[in-house]
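These notebook entries record what I looked up in one structure.

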Amino acid sequence: MKAKILKVMAERGIDGYFITKYENVRYLTGYTARDASLFLTADKMLLITEPQSREQVEKECPEVQIVDRREYGRLSEVVQALVKQERITKMAIEKKVVSLNLFNSLKEDITIPIEGLDDVLEEMRSIKTPEEIHNLRCACNLACKAFDLLLNDIRVGVTEKELESKLSYYMVALGGDTKPNFNLLISGARTSLLHGMPSAKSIEYGDLILMDFGIEYRGYTSDMTRVVVAGKAKQEYKELYATVNQMLDNCIDVLRDGVKAKDVCAASYGTIKGTKYEPHYYPSIGHGVGLFVHEIPFLRPTSEDILHENNVIAVEPAIFIPGWGGIHLEDNILITKDGCENFTTTEKRLIEL
């Protein structure tokens, strides 16, 4: 990991890289807390953090050198001191990530050339190692098991918030990290809300119940979506569910190393083109997963991304009909040389409870 980014830096004449994005700091160092930034040189990883974090740093990443930011003023002044200490002549930052305030402070305090070095680590992170694949497989397995447990709790009268809290509890109790994702659990006509928050609404007989959720395992996150019905499903629910399920299957059928992201989108869109559902089609149908829930590659009609072996992606076609409801299904899938492996193993038929 470190060798690859150092090679890019050397090719661009960069001898110091200031990294602030949590996922990138963790990827390079293994440090799990969110209170640090990293200054990377050809022969050093300098972790800028608080003195109280020393014990955790020494346990998780003993190879880094700790820089106590309390000995300085602003974060930019820490970087300024490291530039001088390490005799840096050209520095890179994550220009898409740093705040405007920090960027202005860096420009004010540091006189050497500063350039943006964005998306390189993100591209590296998109190709998973065997250990990362194992962690993602485990995260998906935990989410699937939690979903199966939650089915026993779904009944008329229980609220969306109660069900979401139980879902989060199950994922942690089963072995996930103690910080579940921002899990969505909505019902009835609210299922047409792309990012609807769980509410105090009670489940009613015949409601669609949409769950978009995941859990981290050793920092790596799953992201799955399922829809069930409280009671017997209306015929129009069955029809729409079958359509979205077919969209997902059609996407999975084309997944393999070398496929264009836009071609996966075409496989999804082709399922509903010319049908009554076309006006309600949601065109952004997936993304990579890893240390962050939305990573490269992105499955959009305008995307230029290419799928590569050992990408792990979430594929999530959906139809949302305002005021009526929606069906959204999402699987997490490993791209292989000749096809794919689906990590999301829960029942895909429409479950009536």
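**Entry 1. Charges over rings.** I note that the model is predicted. With this criterion I found the charged end of Arg 300 over the ring of Phe 298, at 4.5 Å from the ring centre. I also found the charged end of Arg 34 over the ring of Tyr 22, where the distance to the centre is 3.8 Å.

**Entry 2. Aromatic pairs.** How many aromatic pairs does a search of the whole structure find? I recorded five. I then looked up two of these pairs in detail.

For Phe 147 and Phe 213, I read a distance of 6.4 Å between the ring centres and an angle of 15° between the planes. Planes under 30 degrees apart count as stacked, so the pair of Phe 147 and Phe 213 is stacked. I located Phe 147 in helix 7 and Phe 213 in strand 8; the pair therefore ties together parts that are 66 residues apart in sequence. I checked the accessibility of both residues. Phe 147 has a relative accessible area of 1% and is buried. Phe 213 is buried as well, with a relative accessible area of 1%.

For Tyr 269 and Tyr 281, I noted ring centres 5.3 Å apart and planes at 50°, so this pair is tilted. I placed Tyr 269 in helix 10 (residues 261-272) and Tyr 281 in the loop between helix 10 and strand 12, twelve residues apart. Is Tyr 281 buried or exposed? I found Tyr 281 buried, at 14% relative accessible area, whereas Tyr 269 counts as partly exposed, at 28%.

**Entry 3. The largest pocket.** I looked up the volume of the largest pocket and wrote down about 650 Å³. The lining comprises 34 residues, and those closest to the centre of the pocket are His 195, Asp 223, His 287, Val 293 and His 294. Helix 2 gives the largest share, three residues. By class, I recorded 13 nonpolar, eleven polar and ten charged residues in the lining of the largest pocket.

**Entry 4. The second largest pocket.** I noted a volume of about 240 Å³ for the second largest pocket. Its lining includes Met 1, Arg 26, Tyr 27, Glu 131, Glu 132, Arg 218 and Leu 291. Helix 2 and helix 7 (130-150) each supply at least two residues here. Which element gives the most to this lining? I found that helix 7 does, with three residues. The lining of the second largest pocket has four nonpolar, four polar and four charged residues.

**Entry 5. Arg 26.** I followed up one residue among those lining the second largest pocket, Arg 26. I placed Arg 26 in helix 2. Leaving aside residues up to four places away in sequence, I listed contacts of Arg 26 with Tyr 31, Thr 32, Arg 218, Gly 219 and Leu 291. Among these contacts, Thr 32, Arg 218 and Leu 291 also line the second largest pocket. Finally, I noted that Arg 26 and Leu 38 are twelve residues apart in sequence, with 9.5 Å between their C-alpha atoms.

Key
Residues numbered from 1 in each chain as written. Predicted model: local features only at pLDDT ≥ 70, side-chain atom pairs only at ≥ 80, totals over all residues. Heavy atoms only, no water. 1 Å grid on protein atoms, 1.4 Å probe; cavity = no way out; pocket = protein on both sides within 12 Å on 5 of 7 lines; lining within 4 Å. Points joined across faces, edges and corners; volume = space filled by probe spheres on them. Helix = DSSP H or I, 4+ residues; strand = E, 2+ residues; numbered from the N terminus. Nonpolar A, V, L, I, M, F, W, Y, C, P; charged D, E, K, R; others polar. Phe/Tyr/Trp six-rings, centres within 6.5 Å; stacked < 30°, edge-to-face > 60°. Buried < 20%, exposed > 50% of the residue type's maximum accessible area, 1.4 Å probe, protein only. Lys NZ or Arg CZ within 6 Å of the ring centre and 35° of its normal. Contact = heavy atoms within 4.5 Å.
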